[in-house]
Amino acid sequence: MARQLDPYALLADVYDRLSRVESKEIAAEYLVRRLKGLHPGRTISVVDLACGSGNVTTALLRHENVTVTAVDTSASMLAIAEAKAQRLNQAVSFVHSDIRQLDLATPHDGAVCLSFSLAYLAEKADLLQFIRRLGANIRRGGLFLFDMIDRSALRSDWFDIEAKRWQSVGLSARVEWTDRAAGAYRIEYSRDDLQHGRVFEHHHGRAYLESELVTAFTSESYFTIVPLSALATSCATPHLRYFLAQRT
Ligand SMILES: C[S@@+](CC[C@H](N)C(=O)[O-])C[C@H]1O[C@@H](n2cnc3c(N)ncnc32)[C@H](O)[C@@H]1O
């Protein structure tokens with residue numbers, strides 16, 4: 001009988017092994033440079049939202065005078081991230097929480113959310129709630145770096161190539177539109193297990209258009225969107241678009 005698991009229960013370990021870290025390192029370096037430009041000579045605080053297995057967190061920690069808080073809903077992903085931070089011998093504050101309920105002890109200088117994790121906020125109301133919480137937890141003038149996948153990439157050669165990578169570690173990945181006009185999709189990851197039969201997990205997301213993101217971030221005057229063309233070129237991930245929002 002098929003058994004459904006929570007998102008990332010099946011995937012966590014494999015996700016980390018398949019991660020391409022270089023683009024995350026470039027993005028982290030970019031954000032740190034921009035934040036240090038705003039606060040020369042002092043330690044900066046960054047929150048890694050939907051930190052997953054910690055590749056963005058560790059990329060941030062490689063820079064001097066940076067403190068990191070890392071937030072995620074998946075206990076399996078957080079466990080991998082925590083082990084990595086320990087190996088680096090770095091103190092990170094890990095928070096097991098939904099980013100829609102973000103509630104940091106003190107406001108941070110910056111935030112980052114990569115690998116189109118914001119797409120998990122598939123309802124616009126959830127995206128707006130998150131933006132409000134982010135606005136409450138980031139200092140005025142603070143920067144938020146995030147990315148979003150191009151809608152067209154989900155049903156393209158890019159996804160077929162990704163599915164083959166998942167296959168190489170024993171998982172199949174299948175994507176389908178749940179509301180094509182809105183860019184809403186479901187990805188099913190599954191594995192046939194001799195002991196348990198078929199196990200699978202569903203990931204629901206929405207590939208937001210640039211115009212939708214700009215409207216959401218600027219709608220309640222919490223943020224402005226500022227240019228970052230240099231990063232888009234250097235990350236060389238054609239299906240992802242990068243955005244930088246600044247707390248007003
Ligand atoms: C594709 S992984 C990306 C991990 C990391 N940002 C990176 O670039 O390596 C997506 C992560 O988003 C997390 N996630 C999804 N929805 C979330 C939410 N509402 N709040 C917190 N974390 C969430 C998942 O648990 C998962 O770890």
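1. The buried residues of helix α4 are S76, M77, L78, A81 and A85. A residue counts as buried if 20 or more other C-beta atoms lie within 10 Å of its own, as exposed if 12 or fewer do, and as partly exposed in between, with C-beta atoms placed from the backbone. These buried residues pack against α1 (12-18), α3, β3 and β4; two residues are in contact if their C-beta atoms, placed from the backbone, lie within 7 Å.

2. Two notes on how to read this. The model is a predicted one, in which local features need pLDDT of at least 70, side-chain atom pairs count only at pLDDT 80 or more, and totals for chains, interfaces and linings use all residues. Residues are numbered from 1 along each chain as its sequence is written. Helices (H or I, at least four residues) and strands (E, at least two) are DSSP runs, numbered from the N terminus.

3. Back to α4, with a length check. Its 13 residues should span 18 Å at 1.5 Å a residue, and the end C-alpha atoms are 18 Å apart, which agrees. The expected span is 1.5 Å times one less than the number of residues in the helix. Just after α4, N89 takes a positive phi of about 60°.

4. Next, the seven-stranded sheet. This open sheet has the order β4-β3-β2-β5-β6-β11-β10, with mixed pairing; two strands pair if DSSP finds at least two bridges between them. At the edges are β4 (93-96) and β10 (223-226), each pairing on one side only. From one strand to the next, the twist averages 20°. Four bridges link β10 with β11 (residues 240-247) in the antiparallel sense, and T224 stands opposite Q246 in β11.

5. Which helices pack on this sheet? Helix α4 (residues 75-87) does, touching β3 and β4, and its direction makes about 175° with that of β4. Helix α2 (residues 22-38) lies across β2 (44-49), β3, β5 (108-113), β6 (138-149) and β11, running at about 160° to β6. Axes are lines fitted to C-alpha atoms, for helices over the stretch in contact, and angles run from 0 to 180 degrees between N-to-C directions. The 17 residues of α2 reach 25 Å from first C-alpha to last, close to the 24 Å expected. Its buried residues are S23, K24, A27, A28, Y30, L31, V32 and L35.

6. There is also an open sheet of four strands, in the order β1-β9-β8-β7, again with mixed pairing. Its edges are β1 (3-4) and β7 (172-179); each has a single partner strand, so one side of each is left without a neighbour in the sheet. Seven bridges join β7 to β8 (residues 184-193), and the two run antiparallel. The bridge partner of E176 is R186 in β8. Helix α7 (residues 157-167) lies across β7 and β8, at about 140° to β7.

7. Now the ligand. It is surrounded by 20 residues, the closest being A50, G52, S74, S115 and Y120; here a residue is near if its C-beta atom, placed from the backbone, lies within 6 Å. Both α3 (55-61) and β3 (66-72) supply at least two residues of this shell.

8. Finally, take a look at L121, in the loop between β5 and α5 (124-137). L121 is buried, because 23 other C-beta atoms lie within 10 Å. Beyond its neighbours within four places in sequence, L121 is in contact with R100, D126, L127 and F130.
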